[in-house]
Amino acid sequence: MSHPGWSSQQLAEFLEAISAVADVGTARRAAVDRVAQALEAEVAAIVNDRGVVAGVGLDPEQVSSAALAAVREGRSKTIELPGLGRCEAASFAITGQADTSLIVARTGQVNFSSEELNVARGLANALAMAER
């Protein structure tokens, strides 16, 4: 996954995906899809205190809002997801959007690397800038 220039390539592909659409809702769907691909994650979602705003790889109706909140608020690094079981998870605040975060999760016991976490944080910040 990681090679010289990998993080720059991920950012460029992300910006291309979200800038190619005309509205915020479609941009958010493109963003979570691109983040999931970049991090080889089964799940990526934009989540706020009301629930899932946009997501890929999960059915918002079947995911515990308490479990999402625990990851979003940094109280948990795992989440139990229907059909996937226990997943490693990480959350990144989307700057300027109160209580809104980008959550990524993948199956297995493989933690996200520090490079992957930095890329995801950068993508969350890029999304915040694109939505201004």
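**Helix packing and selected residues in a predicted model**

Helices α1 and α2 are roughly antiparallel to each other, a label given to angles over 145 degrees, whereas angles under 35 count as roughly parallel, 65 to 115 as roughly perpendicular and the rest as oblique. The structure is a predicted model, in which local features need pLDDT of at least 70 and side-chain atom pairs count only at pLDDT 80 or more, while totals for chains, interfaces and linings use all residues. Residues are numbered from 1 along each chain as its sequence is written, and side-chain values use heavy atoms, with hydrogens and water left out. Helices (H or I, at least four residues) and strands (E, at least two) are DSSP runs, numbered from the N terminus.

Helix α1 spans residues 6-19 and helix α2 residues 24-39; the two pack at an angle of about 160°, with axes 9 Å apart. Axes are lines fitted to C-alpha atoms, for helices over the stretch in contact, and angles run from 0 to 180 degrees between N-to-C directions. The crossing of α1 past α2 is right-handed, meaning that the near helix is turned clockwise from the far one by less than a right angle, with anticlockwise giving a left-handed crossing. On the α1 side, W6, Q10, E13, F14, A17 and I18 meet A27, A30, A31, R34, V35, A38 and L39 of α2. Residues of this contact of α1 with α2 comprise 10 nonpolar, one polar and two charged. Here Ala, Val, Leu, Ile, Met, Phe, Trp, Tyr, Cys and Pro count as nonpolar, Asp, Glu, Lys and Arg as charged, and the others, Gly among them, as polar. Contact means heavy atoms within 4.5 Å.

V21 lies in the loop between α1 and α2. With a relative accessible area of 27%, V21 is partly exposed; buried means under 20%, exposed over 50%, and partly exposed in between (1.4 Å probe, protein chains only). Apart from neighbours within four places in sequence, V21 is in contact with T26 and A27.

Helix α1 also packs against helix α4 (residues 114-130), their axes coming within 10 Å and crossing at roughly 25°. The helices α1 and α4 are therefore roughly parallel to each other. The crossing of α1 past α4 is right-handed. W6, S7, Q10, L11, F14, L15 and I18 of α1 make the contact with E115, E116, V119, L123, A126, L127 and A130 of α4. By class, the contact of α1 with α4 has 10 nonpolar, two polar and two charged residues.

In helix α3 (residues 65-72), the residues L68, A69, A70, V71 and R72 are buried. The cover over the buried residues of α3 includes β1 (43-48), β2 (51-56), β3 (78-81), β4 (85-93) and β5 (101-107). At the start of α3, a side-chain oxygen of S64 comes to within 3.2 Å of the backbone nitrogen of A66. Just after α3, G74 adopts a positive phi of about 80°.

S101, in strand β5, is buried at 6% relative accessibility. Beyond residues up to four places away in sequence, S101 touches A45, I46, V47, R72, S91, F92, A93 and I94. V56, in strand β2, is partly exposed, with a relative accessible area of 24%. Not counting residues up to four places away in sequence, V56 touches V32, D33, A36, E42, V43 and A44. V56 and R34 are 22 residues apart in sequence and 9.7 Å apart in space, C-alpha to C-alpha.

Key. Polar contact = N/O pair within 3.5 Å; in protein donor to acceptor, adjacent residues only side chain to side chain.
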